[in-house]
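Please keep the sequence and the structure in view while reading the points below.

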Amino acid sequence: MLGVETSCDETAAAVVRLDAAGRAEVLSSVVASQSEHGAYGGVVPEIAARAHVEAIDGVVAAALVEAGVDVAGLDGVAATAGPGLIGGVMVGLSFGKAVALARGLPFVAVNHLEGHAVSARLEGDAPYPFLLLLTSGGHCQLLIVEGVGACTRLGSTIDDAAGEAFDKTAKVLGLGYPGGPALERLAERGDASRYPMPLAMAGRGGFDFSFSGLKTAAARLAESAADEQARADLAAAVQDAIARQLAHRSGKAMDAHAARFPADRRFVVAGGVAANRTVRRVLQETAAARGFSFAAPALKYCTDNAAMIALAGAERLALGMTDDLDAPARPRWPLDQAAALAAPTHVAGRKGAKA
Ligand code: KG4
Ligand code: ZN
C-alpha cells in the first residue's frame, strides 16, 4: 500500500505491506518537513500547500525507490483526506487519486486521526480493542478503538491541544517552532517544583481536557523568568503539568474502558506529544498502576508520517472498505461522528480542537 500524507507541514509518502495475519511491515517511510514556517512561528497554510505541490513528486518517488517496488507492485493507494489544512490535504489527496486512477488501483481516503490511531500497530503489538490517547499539535482526545474505523470518543479538549500548549510555551520562551522537542530539551535542566501548576479540570467529571489556562499562566510567568535556570524550571513545570493532566484523564478513561472490556486492558498513546519522554513515562506508570499494557509508536511514527496512513489504508482495503475517486478533502473530520454531533467541542468563539 502506498500512503500519502500532506495535512500539515510534512510532505510524506510510505509503502507498507500487511501480511495475512494482519502484521505490518514498513518498506519505506519518507518525511520531508517544511522549513519555510520557522520565521512565522507557526504553519502558514498557503505556504504549506505550495510547498507540498513542489515536494510531493520527489517524496513519493523516493518512497517507492526505498521500498524497492514500482507502481506496478502496489495493491492500493491511500491518502489523507482530512482533517487538516485544506490546501495541503487537497495536494496529497489529488496526487493519491491520480495514481489510483492512472493505474486502476483501489483507493482509500484516510482520516489522519485514524492514521495516528493505528500508528502503534506499525511495529508494535496493539491488537483491537484498545483505549487510545491521541495527543498532537491539533488534537487531544481519548477514544476507545474497537476495530478498523470503529471509534467511540470518551473526551477531547475543550480549548487547546496539548501540543499547542507545548508550542506556545516554547514560543514565549523564544525556542522557535515546532517547540515541543526544544522545550523537552530545555526542561531536562529544570526543576518543575519552582513553578507549581494546578491540575486543570481536576474536579470535573468526564474525560475532557483543557490547556488554555496553562498556556496563559506560562506566558505570564515567562515575562519574569529572566535567567536560563528560571526558563528551564518553567519549561519543566509546564511539561510536568501537561503530563499530569494527560495521565489524570487517561487514568479515569482506563477505568471506564476496563468496565466495558475487562479482558482487554490495553492503553495506547499516539500523536506528536507521545514523543515526549516525560509524557510517555507518566502514562506508562498510570497504565501499570491499573493493570493496563502500554504501547506507543516508535518516535518517528509519533509525529506526522505516511506509514500510518498506508497502514490505515491497508487495513481498510483488506476489509473491502475503499473509497470512490470523488472522496472530498475535509478540513474537519471527527473520528466519532456521532459523539462530535452530540457534544461539539468546536463551537463558535473557541479554537483548538480541529475535530
Ligand atoms: O502529530 P503531529 O506531528 O501533528 C499533528 O497532527 O498535530 O504533532 C505535532 C505536535 C507539535 O505540537 C509538537 O510540538 C509536538 O507534537 N511534539 C512534542 C514533541 N515532539 C513533537 N511535544 C512535546 N515533546 C516532544 N518531544
Ligand atoms: Zn498528526
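In this predicted model, a backbone N or O atom of Gly163 lies 3.2 Å from an oxygen atom of ligand 1. The protein covers 92% of the 550 Å² of accessible area that ligand 1 has on its own. The points below describe the surroundings of the ligand, then a pocket, and finally some details of the backbone.

**Surroundings of ligand 1**

- There are 18 residues around ligand 1, and those that come nearest are Gly137, Asp167, Glu184, Asn276 and Asp304.
- The side chain of Asn276 has an N or O atom 3.1 Å from a nitrogen atom of ligand 1.
- An oxygen atom of ligand 1 lies 3.3 Å from a polar side-chain atom of His112.
- At least two residues of the shell come from each of three helices, namely H3 (112–118), H4 (162–172) and H5 (180–187).
- Sorted by class, the shell consists of ten polar, five nonpolar and three charged residues.
- Two domains contribute to the shell: domain 1 (2–120 + 301–331) and domain 2 (126–296) each provide at least three residues.

**The second largest pocket**

- The volume of the second largest pocket is about 250 Å³.
- Strand E2 (10–18) and helix H9 (307–318) are the elements that give two or more residues to the lining of this pocket.
- Strand E2 makes the largest contribution to the lining, with four residues.
- The lining comprises 13 residues, and Met1, Val16, Arg17, Leu18 and Asp75 lie nearest the centre of the pocket.
- By class, ten lining residues are nonpolar, two are charged and one is polar.

**Details of the backbone**

- Most peptide bonds are trans, and most residues other than glycine have a negative phi.
- Gly82 and Pro83 are joined by a cis peptide bond, with omega at about -10°.
- Pro83 belongs to the loop between strand E4 (77–82) and helix H2 (86–103).
- A cis peptide bond also runs from Tyr128 to Pro129, where omega is near -5°.
- The loop that holds Pro129 lies between helix H3 and strand E6 (130–135).
- Met201, a residue other than glycine, has a positive phi, near 65°.
- Met201 is placed in the loop between helix H5 and helix H6 (212–224).

Conventions:
Residues numbered from 1 in each chain as written. Chains lettered and ligands numbered in written order. Predicted model: local features only at pLDDT ≥ 70, side-chain atom pairs only at ≥ 80, totals over all residues. Heavy atoms only, no water. 1 Å grid on protein atoms, 1.4 Å probe; cavity = no way out; pocket = protein on both sides within 12 Å on 5 of 7 lines; lining within 4 Å. Points joined across faces, edges and corners; volume = space filled by probe spheres on them. Nonpolar A, V, L, I, M, F, W, Y, C, P; charged D, E, K, R; others polar. Near = heavy atom within 4 Å. Polar contact = N/O pair within 3.5 Å; in protein donor to acceptor, adjacent residues only side chain to side chain. Areas by Shrake-Rupley, 256 points an atom, 1.4 Å probe, with all protein chains shown as cover. Domains from an automatic or database assignment.
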